[in-house]
Amino acid sequence: MVSDAPAPNVIDVHGLVKRYGRRTAVDGLDLAVGAGEVFGFLGPNGAGKTTTVRMLLGLARPSAGGGSLLGRPLGDPEARRQVGYLPENVHFPGWFTGLGFLRYHGALYGLPGREVDARAGEALERLGLAGRGGDHLRGYSHGMLQRLGLAQALLNRPKLVFLDEPTSALDPRGRREVRELLDELRSQGTTVFLNSHLLSEVERTCDRVAIVADGRTRYLGPTRPDDGSNELDVSLDRAPDGLERVLAGVATVTSRRGGRLRLRLAAAGAAPDVARRLIDAGARLQSLTPVRRELEDLFLELTGARAEETASEASDARVPA
Amino acid sequence: MTVLTIAGASLREAWNRRLVLALILVSVAFLALYLYGAHLLNTRLVERAQAIAARSGGGITLARHQMVLLGMYVVDFLASFMAIFAGVGAIAGELEDHSLQLVLAKPVRRWQVIAGKALGSGTVSVLYATLLSLALLAGSRVVLGVTPPGVVPAILLIDLGILVLSGLTLLASSLTHTLTAGVAMVMAYALAWTGSVLTSLGELTNIDVLATLGRDTRLLVPSDALWKAGSYYLQTPAMRAQEGPNPLFGVNAPDAAFLIYAAVYVLVAFVLAGLAFQRRDL
């Protein structure tokens, strides 16, 4: 798997392996993420996504393989100075106030107190928690906690931020806000490593994705692969007589329902020829759209039946020490 | 700095989670019960002394000192379990709810987490043991009118015993789950106690094997032996002479070698906790 991201890579790992006893969670995984990318990390439950992120952050030690994070070897605490992280299902101690929680994590980044206060206030406001900083976390809703977790992950103005299902507890408005936040991060040049099951969200926000299954990288490339564009969806008011003959040599009809046709092009780039022939034959052409493969199709194809098999299993099982 | 931040958070957590409040309530209940008992005892003693025309005032003082000694035994017991319960979730519990992963994704080293937790839970436990001891001794002075001869060395030795349990608890919490660590620590406490009982039984019956077995156990978990060392200083020579070898209180002055051993033991426990945590996959 070769990366087409510009060097130097923010994340660069090769042949990453993690074994827990006899079970192999990650099995020779390769990954390269360039600076400033919004990167989607996808895979069915149990594919090894969480374990991979843990290894990248130095929380778990690879059984084999290795690489670098922000130019430093995996596990180097200094790299984490420029990293933000929001894991899924994290517990927020209820006795903290929102501001106290951010102050604590700011101090762990080694930020001076006044700086932390300024940034915490900013972050609370940015994430719609202005005025709630003094409340205890036990009074926060699920969505508020997730926003606070995001604020925590951005407190150090990281170069790279790992977000694990950051919108799972949010309503549609909250999701949109997070999407806007990701766009903002992208424009600031922050690299985002997004772990999500919401493929539609990933499609909207990510530049590139990796799809992993059984602990290996199955796909690493653009979020919307263009290799499906030799098909066209055509909508006509009235189909001309002898349609097959009209299109002979440029396209074949693969399905037809009234005036809606799905065509397979004989060669890439033949869409204008199709349009001309249809119009010349007297058809009233309403629309002509290249069929793009959805990320979901690619995901299901690459992860196959495994997705359904493992979906019912415990999510991303990890073997405790 | 990071160590102090983490220690500070554990202290604030102890305070905010009402752990301190629960402890104060239990401790106040215990102190009230103890002091009421001491008051009843004292009244009875005075009545008797008057009845037998105070033939020997020494007997009365002895009984008062024994009451204080028993009270301090309970103080040590409460503080021991406080140390275990304050520390058992320090690492394991926070790993289980993923909040420690959030901390360790920062530029924080694992030894800093262990040092911070050790400082936090150690401070809470030692502070509790010291304050409860002082409260009991002050109350006893008011109600019974006696103060044990060696208060300072006694409290220091009790604190050292509490630190032994604190260190061992942090080690257990770094190695395994909260529940497993808790069970292991209660068993360690029981082992230390059994060791003490064996030692005194061996000494009492002149069975060397028992005494040796007991002494070996105190090397394994020195907390109870440290209570016995501390209790030595809470007794007058007359009390020690009367008691002889017994399972609850020490009648021999602690030897320096053992005290040094115990201090090193605490350090080693914290270092081992650090090493165990360093190797653990999170």
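## A tour around strand β8 of chain A

Start by selecting β8(A): A:Thr191, A:Phe193 and A:Asn195 point one way from the strand, A:Val192 and A:Leu194 point the other way, and all are buried. Keep in mind as you look around that this is a predicted model. The strand covers residues 191-195, and because 5 of its 5 residues are buried, it is largely enclosed by the rest of the structure.

For one of the pairings, click on A:Asp164, whose bridge partner in β8(A) is A:Asn195. Now bring in helix α5 of chain A, residues 172-187: together, β7(A), this helix and β8(A) make a right-handed β-α-β unit.

Then go to residues 38-42 of chain A. This is β3(A), and it pairs with β8(A) in the parallel sense over 4 bridges. Another pair to highlight is A:Phe39, which stands opposite A:Phe193 in β8(A).

While β3(A) is selected, check how covered it is: 5 of its 5 residues are buried. A:Phe39 and A:Phe41 point one way, while A:Val38, A:Gly40 and A:Leu42 point the other way.

Carry on from β3(A) to β9(A), residues 208-213 of chain A. These two strands run parallel, with 4 bridges joining them. Here, A:Phe41 stands opposite A:Ala210.

Now return to A:Phe193 and show its surroundings. Which residues is A:Phe193 in contact with, leaving aside its neighbours within four places in sequence? The list includes A:Phe39 and A:Phe41, as well as A:Leu160, A:Val161, A:Phe162 and A:Leu163. Also among its contacts are A:Ile11, A:Leu31, A:Val33, A:Val53 and A:Leu56.

Zoom out to see the bigger setting. In soluble globular proteins, nonpolar side chains tend to be buried together. The largest nonpolar core here has 152 residues, and A:Phe162 and A:Phe193 touch the most other members. For the element that gives the most to this core, switch to chain B and select helix α7, residues 151-175, which supplies 13 residues.

For a last stop, select A:Leu247, A:Leu263, A:Ala270 and A:Val274. They are among the 14 residues of a second, separate core.

Technical notes: Residues are numbered from 1 along each chain as its sequence is written. Chains are lettered from A and ligands numbered from 1 in the order in which they are written. This is a predicted model: local features need pLDDT of at least 70, side-chain atom pairs count only at pLDDT 80 or more; totals for chains, interfaces and linings use all residues. Side-chain values use heavy atoms; hydrogens and water are left out. Buried means under 20% relative accessible area, exposed over 50%, partly exposed in between (1.4 Å probe, protein chains only). Two strands pair if DSSP finds at least two bridges between them. A crossover is right-handed if, with the strands pointing away from the viewer, the path from the first strand over the helix to the second runs clockwise. A nonpolar core is a set of buried Ala, Val, Leu, Ile, Met, Phe, Trp, Tyr and Cys residues joined through side-chain atoms within 4.5 Å. Contact means heavy atoms within 4.5 Å.
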